[in-house]
Amino acid sequence: MLTIPTLLGITILTFVALRVLLPSSVVDLIVGEYGRNDVQLKASLRQDLGLNASIPSQYVHWLGHVMTGNLGKSLHSGRSIDGELAARVPVSLELGLWGLFTALISAIPLGIWAAIRQDRFPDYGVRSVAILLHAVPGFWIAILLITFGSIWFNWVPPIHFKYLTEDPLAHLKIMLLPSLIIGLTPSAGLLRLVRTVMLEVLREDYVRTARAKGLAPHTVLTRHALRNAMIPVVTVVGVTLPGLIAGTVIFETIFVIPGMGRYLVDSVRSLDYPVIEATNLIFAVLLVFSVLLVDISYSFLDPRIRYR
């Protein structure tokens, strides 16, 4: 029920912040230092860009176009935002999903192993690595890899991006390293969460009952403990995915990947209002629907949860 009001609230805040709270406007940026005092030129440019109307009128006009599927045009290049996002959104989604996959395949097994070996050497080692990964920024690791890779091994990441349909092998080579690095930080948090939840579940009465019945250890772990432990993990994953996609901004810039995040960075530098509003709307939609999918998935993980 709150999906539409939430999205409207986000768009209103973004719209007003760009036009009211910023100390400069896109008109000042376009006319430059020499035209900043030319009132007639600025008024003419504001008229051409559709910025002379009141803010509520501008918002209603923009929202009406969005409702019809038209996200507008860039104020600087004049290109359609729909066309730009159609090429860039899949790239950012792929990068974020690969990063999430990397985090899951490392965090879940290691978290379970640390819980089973509680207060032993594997547990201490896994927790230490998780704390280290949580403390070290991923972009710093990326910059170090590129810097020392070029100095020591004469290696640099590919500069020219190849889409999956053009050259699958070259595409995978480009996406592999940033995907691994993107997954490092969320994997640290997920690992500690899986360990904590598994420790709680393994102490429950139904797990002790399953062990007393003589069930195999792996059966107790997978069919009884792991499934119930996944509910809070799924919640965190659902909220983490949009954050990963939004977090690709830095990595798309470092590795020269033409995704939505890099498009947003370029638009912020030039104060391209329609592009900033459109990309923020996409991020908001991803976040809202990720939370919705998480809520729906609860009924599959726990039979006691049902939605009418």
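## A partly exposed ring and its partner

At 34% relative accessibility, Phe-148 counts as partly exposed, because that class covers the values between buried, under 20% relative accessible area, and exposed, over 50%, for a 1.4 Å probe and protein chains only. Trp-152, with a relative accessible area of 59%, is exposed. Both residues belong to helix H7 (residues 138-152), where they are 4 residues apart, about one turn of the helix; helices here are DSSP runs of H or I with at least four residues, strands are runs of E with at least two, and both are numbered from the N terminus.

## Basis of the model

This is a predicted model, in which local features need pLDDT of at least 70 and side-chain atom pairs count only at pLDDT 80 or more, while totals for chains, interfaces and linings use all residues. Residues are numbered from 1 along each chain as its sequence is written, and side-chain values use heavy atoms, with hydrogens and water left out.

## The chain as a whole

The protein chain contains 13 helices and 0 strands, and its C-alpha trace spans about 85 × 60 × 35 Å along the principal axes. Of the 308 residues in the protein chain, 41% are buried. Among contacts with a separation of 6 or more, 70% are between residues 24 or more positions apart, where a contact means heavy atoms within 4.5 Å.

The accessible surface of the protein chain comes to about 17,700 Å², and carbon and sulfur atoms hold 67% of that area; such areas come from the Shrake-Rupley method with a 1.4 Å probe, and for residues only the protein chains shown count as cover. There are 25 positive and 20 negative side chains, and the centres of these two sets lie 11 Å apart. In this count Lys and Arg are positive and Asp and Glu negative, with His and the chain ends not counted, and each charge is placed at NZ of Lys, CZ of Arg, CG of Asp or CD of Glu.

## Aromatic pairs

The structure holds 6 aromatic pairs, a term for rings of Phe, Tyr and Trp (its six-membered ring) with centres within 6.5 Å, called stacked if the planes are under 30 degrees apart, edge-to-face if over 60 and tilted for the rest. One of them joins Phe-15 and Tyr-59 in an edge-to-face arrangement, 5.4 Å centre to centre with 80° between the planes. Phe-15 lies in helix H1 (residues 3-21) and Tyr-59 in helix H4 (residues 55-67), so this pair ties together parts that are 44 residues apart in sequence. Phe-15 and Tyr-59 are both buried. In the pair of Phe-148 and Trp-152, the ring centres are 4.8 Å apart and the planes stand at 35°, so the pair is tilted.

Ring pairs also link Phe-15, Tyr-59 and Trp-62 into a cluster. Arg-19 lies over the face of Phe-15, 3.7 Å from the ring centre, given that a charge sits over a ring if NZ of Lys or CZ of Arg is within 6 Å of the ring centre and within 35 degrees of the ring normal.

Ser-179 is placed in helix H8 (residues 168-182) and counts as buried at 4% relative accessibility. Leaving aside residues up to four places away in sequence, Ser-179 touches Leu-95, Trp-98, Gly-99 and Thr-102.

Val-256, in the loop between helix H11 (217-254) and helix H12 (260-269), has a positive phi near 55° in a residue other than glycine, and is partly exposed with a relative accessible area of 29%. Leu-271, in the loop between H12 and helix H13 (273-301), likewise is not a glycine and has a positive phi of about 55°, but Leu-271 counts as buried at 12% relative accessibility.
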